[in-house]
Amino acid sequence: MDIKLNDLASRVIESNRARDEAADDDAIFAELEAEIENHENAAFRERGLEQLRVQADKLQHMRANAYGTYSEVVDEKEVIRTSAHEPRCVIHFYHSNFKRCEIMDKHLAKLAPKYSATRFLRVFVENVPWLVQRLGVKVLPCVMSFVDGVLKDQLIGFEEIGNSDAFETAVLELRLSQSGVLQKAADQLGALSYSISPANRRNLRTRTANDDHDIFDLDD
């Protein structure tokens, strides 16, 4: 049963990524339900049907909220709601005039389908002035990680991931994983999806007061 549920989750993520109509999953659910109901153990049947119901609710939520994709949200209230209520959420505050924001976009777009139990969003800073001020966003790109509505980590600029425009996706992946925000659909954090070269692993460090930044100001 677990294998079929995982397969169903993969299909939901794939349909979201392709932005096609959702696949008809009723047949899989019906097959699982029949297997459970025909089991001779009453306790198993009860637990199995409850698990199936929970998984169905989760998959419906994943499809409705475009899990497995790197999507843009333009409404400030929706950004607030997402960061407050989604179990795991990565938000990239960006500006179209910043080259490094485009670079960050490319890497996050690679990670989103691999960690399909985490929401990945991009937010144009001029659309969310209250949040920019509230969260103290002054340097771009700025990537914030939320777990159960709590801000767990802020990645500001590229200094903590090697201070190079040519950093590997694995470096960003490792950096984000340290906050616990990355999670796969099977509710378990798997191994890193990319391998990190020794040189880039040495470059992964914490930010210092002397690091150079690109300062962003909404009043400019």
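**Entry 1**

Helices (H or I, at least four residues) and strands (E, at least two) are taken as DSSP runs and numbered from the N terminus. Within this pair, Phe-146 stands opposite Leu-151 in β5. The two strands form a hairpin with 2 residues between them, and Asp-148, in the loop between β4 and β5, has a phi near 55°, a positive value in a residue other than glycine. I noted this because most residues other than glycine have a negative phi, and most peptide bonds are trans. At 58% relative accessibility, Asp-148 counts as exposed, where exposed means over 50% relative accessible area, buried under 20% and partly exposed in between (1.4 Å probe, protein chains only).

The model I am reading is predicted, so local features need pLDDT of at least 70 and side-chain atom pairs count only at pLDDT 80 or more, whereas totals for chains, interfaces and linings use all residues. Residues are numbered from 1 along each chain as its sequence is written, and side-chain values use heavy atoms, with hydrogens and water left out.

**Entry 2: other backbone points**

Asn-163 lies in the loop between β5 and α7 (169-177) and, at 39% relative accessibility, counts as partly exposed. The peptide bond from Leu-140 to Pro-141 is cis, with omega near 0°, and Pro-141 belongs to the loop between α6 (129-135) and β4.

**Entry 3: the parallel strands**

For the overall layout I recorded 8 helices and 5 strands in the chain, which follow the pattern α-α-α-β-α-β-α-β-α-β-β-α-α when read along the sequence. Of the 220 residues, 45% count as buried.

Strand β3 (residues 119-124) is mostly covered, with 6 of its 6 residues buried. In a regular strand the side chains alternate between the two faces of the sheet. In β3, Arg-119, Leu-121 and Val-123 point one way and Phe-120, Arg-122 and Phe-124 the other way, and all are buried.

On the pairing of β3, I found that strand β1 (residues 70-72) joins it in the parallel sense over 3 bridges, with Leu-121 as the bridge partner of Ser-71. Strand β2 (residues 88-94) also runs parallel to β3, joined to it by 6 bridges, and here Cys-89 stands opposite Arg-119. From β2 the chain crosses through helix α5 (residues 99-111) to β3, and this β-α-β crossover is right-handed, meaning that, with the strands pointing away from the viewer, the path from the first strand over the helix to the second runs clockwise.

**Entry 4: aromatic rings and charges**

I counted 2 aromatic pairs in the structure, taking rings of Phe, Tyr and Trp (its six-membered ring) as paired if their centres lie within 6.5 Å, with planes under 30 degrees apart called stacked, over 60 edge-to-face and the rest tilted. The ring centres of Tyr-94 and Phe-124 are 5.5 Å apart and the planes are at 40°, so this pair is tilted. The pair links distant parts of the chain, with Tyr-94 in strand β2 and Phe-124 in strand β3, 30 residues apart, and both residues are buried. The rings of Phe-158 and Phe-167 have their centres 5.0 Å apart and their planes at 80°, so this pair is edge-to-face; both Phe-158 and Phe-167 are buried.

I also looked for charges over rings, which requires NZ of Lys or CZ of Arg within 6 Å of the ring centre and within 35 degrees of the ring normal. Arg-122 lies over the face of Tyr-94, at 3.9 Å from the ring centre, and Lys-184 lies over the face of Tyr-115, at 5.7 Å.

**Entry 5: cysteines**

My search of the whole structure found 0 disulfides, a disulfide being a pair of cysteine sulfur atoms within 2.5 Å. Cys-101 is in no disulfide, and the nearest cysteine sulfur, that of Cys-142, is 9.4 Å away. Cys-101 is buried, with a relative accessible area of 1%, and Cys-89 is buried at 0%.

Methods. Pairing = 2+ DSSP bridges.
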